[in-house]
Amino acid sequence: MVSIKIQISANEGSAAWDFPMKDSELADKLKSIGSENKVPSSGIIWPKGLGMLRGLAVSMDELNFLAKSLERLNDSEYSQFMAAASLEKSPDLERLINLSFNVSRYTVIRDVSDWTGIGKRHLLNIKGSLSKTELETIDFTQVGRDLLSSGRGIPTEYGLLFENEEVPFQQVYDGTVFPLMDREDAIAVVHMHYMEKTEYLYLPEEDISIEKALKRLEAPCRSDCTMEIELLSYEDEIWLDILQQVFDQAGLEDANTLAGVLSRKDLDAHSLLYIADYAETLEADEIRKLADHFHDFIIMDGAETCADVGEYITQHEPGYQIGEYIEDFVDFNKLGKYIVDERDGKFMGSCFICMKDNCDLEQIMWNAPEGIEFGGM
């Protein structure tokens, strides 16, 4: 999703940049125009409400963070931000970032005829949530009527804006380290502390993003920082326990590697857990190798005997397929024992795991040069 689109003028001409983007992509773009961070914006393509940034030399890191912050807002919160931003006299990115974390300080009304909806929305902005008792006893119609008749509403192109002065404006960004925010794409957040400052890494994170965080902290190196990991959510909670263990025992780099594996969309996390158990490893780099060769493994759910293995092989591998008329003459148990021995098979509770034909676990784990593909890939 594109939150901000700006026009950049460089020696080679102008270009439109979409934010947010990965830090590595931003670094490549800045390098292509011979800039390190601050770039004059010749135009704001989207949203038009940020037109006040036109012509200013703005920090691309701050602009990228603002774009990420806007991504997490719902439609109502986005309108609150844009309406409030439109009234700023001399806004800069520090102010706009703080504004994106203070949208509850503002109520925006589009339909002035819906007094009940106005009252409920206004109180939700102020309180954050309403109890069942409040929902049943508060006269939202009166609240809405009182708000509209207060005379505090300021017309904007996004609706009638009311500033909720009872909600304190919090300065979460001081121009140095970025504040914590919700990231749906993160598996865990590492809180990195140096002196009295804190930066946040959203695993999996790019190496350049980690280095930028260290620079904002003004920390000489990672070992000078103290860190703790905050686990978020994942489809298989066992992996979160493993991620915690890897972070505690091996540190940030290995935890980031494992988070990178778990973020892959082409992997079945539960099956990968079986494969890691099969390979008897919880080391991040070894799990990455197993994930790279995920399709070199056969997982037979429900297979508990050699006969189950033999029957599965005849149904799923072309070289072992048999016709229905000769099934009664096949010794599935003997065939299964052969597969177990030949392909390093293991019964893992409610399933059986082995290698595909011409694949070898030792080669995957220790000897396989980067990029090699075995039979199953």
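I started with helix α13 (residues 306-316) and helix α14 (residues 332-342), which pack at an angle of about 85° with axes 6 Å apart. Axes here are lines fitted to C-alpha atoms, for helices over the stretch in contact, and angles run from 0 to 180 degrees between N-to-C directions. So α13 is roughly perpendicular to α14 (that label covers 65 to 115 degrees).

This is a predicted model, where local features need pLDDT of at least 70, side-chain atom pairs count only at pLDDT 80 or more, and totals for chains, interfaces and linings use all residues. Residues are numbered from 1 along each chain as its sequence is written, and side-chain values use heavy atoms, without hydrogens and water.

Helices (H or I, at least four residues) and strands (E, at least two) are DSSP runs numbered from the N terminus.

Who touches whom? I noted Val-309 and Ile-313 among the α13 residues in the contact, and Leu-335 and Ile-339 among those of α14 (contact means heavy atoms within 4.5 Å).

Next I looked at an open sheet of three strands, ordered β9-β8-β10 with antiparallel pairing (two strands pair if DSSP finds at least two bridges between them). β9 (197-203) and β10 (226-231) are at the edges with a single partner strand each, so one side of each has no neighbour in the sheet. The twist averages 20° from one strand to the next.

I then checked β8 (residues 188-194), which pairs with β10 over six bridges in the antiparallel sense. I found His-193 opposite Thr-226 in β10.

Last, I saw helix α9 (residues 237-250) lying across β8 and β10, at about 175° to β10. Helix α10 (residues 252-262) also packs on the sheet, touching β8, β9 and β10.

Terms used. Parallel < 35°, antiparallel > 145°, perpendicular 65-115°, else oblique.
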